[in-house]
Amino acid sequence: MKKDFPITLTIAGSDSGGGAGVQADLKTFSSLASFGTTVFTCLTAQNPDGVSDIFEISPDFVSAQLKAVAGYFQVKAAKTGMLYSANIIEAVADFFSENPDIQLVVDPVMVATSGAKLLKDDAIQSLTKDLLPLAKLITPNLDEASLLLGENIHQYDQLVPMAEKLFQKYKVPVLLKGGHLPNATEATDVLFDGKSSYIFSKPFLKGKNTHGTGCTYSAAITSFLAHGKNLPEAVGSAKEYLHLTLEDEIKTGPIHHLNHFPEPTN
């Protein structure tokens with residue numbers, strides 16, 4: 001009997017180096033047994049050293065891709081990554097306003113690991129006003145959360161109160177990712193869903209190439225939501241998967257990358 005794969009959707013930029021963006025999302029969807037569909041927002045010229053150029057897709061073509069996917073597939077869950085401009089964000093927000101049954105995970109991508117800006121300054125207001133309120137979950141890292149709140153987050157004991165503060169500001173569940181905390185021995189994330197806080201920790205793996213971890217994490221959550229897990233279960237399972245991708249890294253030339261198809265530990 002053939003297995004039924006739930007439909008997932010990534011709305012993000014292309015990473016020509018294959019480690020992040022749509023490419024990482026599709027690998028994650030496939031590894032976790034969901035059928036990935038795509039809407040490209042930007043094409044990037046990049047490799048592990050950085051982003052050298054960005055080509056923005058027109059908002060009309062972003063809308064056309066969304067309509068084409070939704071016109072055929074019953075999408076269970078979707079995620080956004082690099083959205084880049086206010087016009088693209090508005091096109092995406094219009095789509096989800098008309099399709100509220102699709103579970104939406106928003107990874108508020110603003111700056112690449114290499115330091116390249118992946119969201120224009122004038123797009124932040126559109127992101128917070130138009131798109132975040134439509135999300136089932138937002139997944140900011142510490143730098144993104146600091147921008148969204150207007151205050152710095154740099155200590156472990158700030159994670160829970162700041163996740164709660166983000167929820168109060170945007171009225172949607174928040175996964176605040178604490179992996180960038182200085183001198184951390186644990187990679188700790190906090191999920192606040194408006195009622196309860198959930199703590200997810202794994203040992204911090206030193207010396208790993210973390211390019212694509214944010215994309216992979218949010219894509220894994222999306223896939224587990226599509227399989228019917230509730231939000232804490234989806235985040236917990238995604239955290240375990242992300243740890244495996246780092247632990248079971250693969251060598252690609254001079255550096256190592258996440259292994260999106262890790263070997264089982266048992």
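**Chatting through a predicted fold**

User: Which side chain meets Lys 120 in a salt bridge?

Analyst: The one from Glu 56, with N and O 3.3 Å apart. A salt bridge here is a side-chain nitrogen of Lys or Arg within 4 Å of a carboxyl oxygen of Asp or Glu. Residues are numbered from 1 along each chain as its sequence is written, and side-chain values use heavy atoms, leaving out hydrogens and water.

User: Where do Lys 120 and Glu 56 lie?

Analyst: Lys 120 is in the loop between strand 5 (103-106) and helix 4 (124-131), and Glu 56 is in strand 3 (residues 50-56), so the pair ties together parts that are 64 residues apart in sequence. Helices (H or I, at least four residues) and strands (E, at least two) are DSSP runs, numbered from the N terminus.

User: How exposed is Lys 120? And what about Glu 56?

Analyst: Lys 120 is partly exposed at a relative accessible area of 33%, and Glu 56 is partly exposed too, at 26%. The scale is: buried under 20%, exposed over 50%, partly exposed in between (1.4 Å probe, protein chains only).

User: How many salt bridges does the count come to?

Analyst: Eight. Another one joins Asp 130 and Lys 129, at 2.9 Å from N to O. In that pair, Asp 130 is partly exposed at 22%, whereas Lys 129 is exposed at 53%.

User: Ok, and what does Lys 239 form a salt bridge with?

Analyst: With Asp 189, the closest N and O atoms being 2.7 Å apart. Lys 239 sits in helix 8 (residues 231-247) and Asp 189 in strand 8 (residues 186-192), so parts that are 50 residues apart in sequence are tied together.

User: Are Lys 239 and Asp 189 buried or exposed?

Analyst: Both are buried, with Lys 239 at a relative accessible area of 8%.

User: What is Lys 239 in contact with, neighbours within four places aside?

Analyst: Ala 187, Thr 188, Asp 189, Phe 200, Ser 201, Lys 202 and Tyr 217. Contact means heavy atoms within 4.5 Å.

User: Switching to rings. How many aromatic pairs does the structure hold?

Analyst: Four. One of them is Phe 167 with Phe 192, edge-to-face, at 5.5 Å centre to centre and 85° between the planes. That pair links distant parts of the chain, with Phe 167 in helix 6 (residues 159-170) and Phe 192 in strand 8, 25 residues apart. Both of these Phe residues are buried. Ring pairs also link Phe 35, Tyr 72 and Phe 73 into a cluster. Rings of Phe, Tyr and Trp (its six-membered ring) pair if their centres lie within 6.5 Å; planes under 30 degrees apart are stacked, over 60 edge-to-face, the rest tilted.

User: In which sense do strand 7 and strand 8 pair?

Analyst: Antiparallel, over four bridges; DSSP has to find at least two bridges for strands to pair. Leu 176 stands opposite Val 190 in strand 8. Along strand 7 (residues 174-177), Val 174 and Leu 176 point one way, Leu 175 and Lys 177 the other way, and all are buried.

User: How many of the residues of helix 5 are buried?

Analyst: Six of the eight in helix 5 (residues 142-149), so it is largely enclosed by the rest of the structure. The buried ones are Leu 142, Glu 144, Ala 145, Ser 146, Leu 148 and Leu 149, and what covers them includes helix 4, helix 6 and strand 7. Just after helix 5, Gly 150 takes a positive phi of about 80°.

User: Which residues touch the most other members of the largest nonpolar core?

Analyst: Val 92, Leu 127, Leu 131 and Leu 176, out of 47 residues. Helix 3 (residues 86-98) gives the largest share of this core, seven residues. Apart from it lies another core, of 19 residues, among them Phe 200, Ala 220, Ala 234 and Tyr 241. A nonpolar core is a set of buried Ala, Val, Leu, Ile, Met, Phe, Trp, Tyr and Cys residues joined through side-chain atoms within 4.5 Å.

User: Last one: what is phi of Tyr 84?

Analyst: Near 75°, a positive value in a residue other than glycine. Tyr 84 lies in the loop between strand 4 (75-80) and helix 3, and at 16% relative accessibility Tyr 84 counts as buried. Ala 33 also has a positive phi, near 60°; Ala 33 sits in the loop between helix 1 (21-31) and strand 2 (35-47) and is buried at 14%.

Technical notes. This is a predicted model: local features need pLDDT of at least 70, side-chain atom pairs count only at pLDDT 80 or more; totals for chains, interfaces and linings use all residues.
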